[in-house]
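Me: I've got a model open and a few labels on it that I'd like to pick apart. Could you walk me through where they come from?

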Number of protein chains: 2
Amino acid sequence: MLGLLLELVVFVGDDMQRRLARDDLTAARAGVLWALRARGPVTQRELATALAVTPRNVTGLVDGLAAAGHVTREPHPTDRRATLVTLTPAGTRLVERLEDEQREFAGLLFDDMPAERLDALGGGLAEILERMRG
Amino acid sequence: MLGLLLELVVFVGDDMQRRLARDDLTAARAGVLWALRARGPVTQRELATALAVTPRNVTGLVDGLAAAGHVTREPHPTDRRATLVTLTPAGTRLVERLEDEQREFAGLLFDDMPAERLDALGGGLAEILERMRG
DNA sequence: CGGATATAGTGAAGCCACTGCACTATGTAG
DNA sequence: CTACATAGTGCAGTGGCTTCACTATATCCG
């Protein structure tokens with residue numbers, strides 16, 4: 001049972017990595033994009049706490065995304081120490097496409113699954129997640 | 001639903017990483033230990049194909065494990081190019097303890113879960129895994 | 001106002017996982 | 001005995017991640 005779960009974890013992780021790689025993205029960089037999508041322009045500090053990584057690390061991630069044109073550093077309107085990391089139009093399009101692909105993927109996995117089984121699965125996953133938080 | 005799954009993936013992954021870190025291990029190094037546990041002394045080449053990584057990478061991983069005393073490089077009895085990576089007694093004890101911890105963890109997650117829900121969960125996970133292979 | 005202190009970001013250095021390429025030593029087939 | 005294949009590793013480079021030190025700016029308070 002745990003074996004099944006771990007196998008799934010590895011499988012999903014690898015699959016996601018392959019998908020992202022097709023857009024020259026990595027999990028970490030995609031995480032930044034995702035956070036920006038959810039929160040709008042934010043400070044690197046905010047990104048650091050949101051992603052639970054070092055501010056120094058955010059610098060590097062943003063460097064990469066900026067080089068790829070997905071993101072720009074804008075001056076913060078009131079705090080001249082800070083920079084606002086902002087999605088470019090291209091970056092926004094990319095995130096939206098990733099969201100579409102993800103929806104498509106979810107459809108592939110769950111769409112023609114009997115509602116009963118789907119509910120059972122959801123309940124089981126939720127319960128595991130709950131227990132793991134303890 | 002997919003969100004739930006992804007959350008679980010991240011959670012399980014992080015948790016595992018933390019566990020391994022307590023023994024100064026990483027996922028990659030633990031994978032080597034695990035493979036050795038399952039197959040006994042093997043060639044680095046075999047490890048490379050078993051773990052689906054470059055032979056070059058195995059060299060580094062084995063270096064690390066050897067430095068920590070979990071593993072030794074023994075000469076291959078017939079092929080003088082090859083080295084047999086072998087678990088030391090300490091390494092074996094470590095892997096066994098990891099297995100115990102994993103069993104304990106599994107117990108924490110599943111032990112007092114009603115059999116019905118457990119079955120449903122197992123079936124759901126298996127089906128997802130099945131679909132993902134396509 | 002002015003000095004102490006906190007904060008945002010980055011350079012430098014370093015660890016780990018991973019890769020490709022080049023090279024040595026050895027095995028193997030013809 | 002000569003080709004060619006194979007096992008392992010040095011070298012170089014990428015990416016994610018960390019800590020420490022440092023600059024620039026903000027803020028708080030006497």
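**Labels and what backs them**

Me: Why is A52(B) called exposed?

Reply: This is a predicted model, and A52(B) has 8 other C-beta atoms within 10 Å. The cut-off for exposed is 12 or fewer, so A52(B) is exposed. A52(B) sits in the loop between α3 (44-51) and α4 of chain B.

Me: Where is D24(B) found, and is D24(B) buried or exposed?

Reply: D24(B) lies in the loop between α1 (2-21) and α2 of chain B. D24(B) has 10 other C-beta atoms within 10 Å; with 12 or fewer needed for the label, D24(B) counts as exposed. D24(B) also has a positive phi, about 55°, without being a glycine.

Me: How do you know how the two copies are related?

Reply: Superposing chain A on chain B takes a rotation of 179° with 0.0 Å of shift along its axis, and the RMSD is 0.1 Å. The two copies are therefore related as by a two-fold rotation axis. Both copies use the same surface, too: 100% of the contact residues of chain A recur in chain B.

Me: What makes up the contact between chain A and chain B?

Reply: Chain A puts in 28 residues and chain B puts in 28 residues. On the side of chain A that touches chain B, the elements giving two or more residues are α1 (2-21), α5 (89-110) and α6 (115-132) of chain A. The largest share, 12 residues, comes from α6(A). By class, that side of chain A has 19 nonpolar, five polar and four charged residues.

Me: And the DNA: which residues are closest to DNA strand C?

Reply: Of the 22 residues that surround DNA strand C, the closest are Q44(A), T26(B), A28(B), T54(B) and R80(B). The most comes from α4(B), with five residues.

Technical notes
Residues numbered from 1 in each chain as written. Chains lettered and ligands numbered in written order. Predicted model: local features only at pLDDT ≥ 70, side-chain atom pairs only at ≥ 80, totals over all residues. Contact = placed C-beta atoms within 7 Å. Helix = DSSP H or I, 4+ residues; strand = E, 2+ residues; numbered from the N terminus. Nonpolar A, V, L, I, M, F, W, Y, C, P; charged D, E, K, R; others polar. Near = placed C-beta within 6 Å. Buried ≥ 20, exposed ≤ 12 C-beta atoms within 10 Å, placed from the backbone. Least-squares fit on C-alpha atoms with pLDDT ≥ 70 in both.
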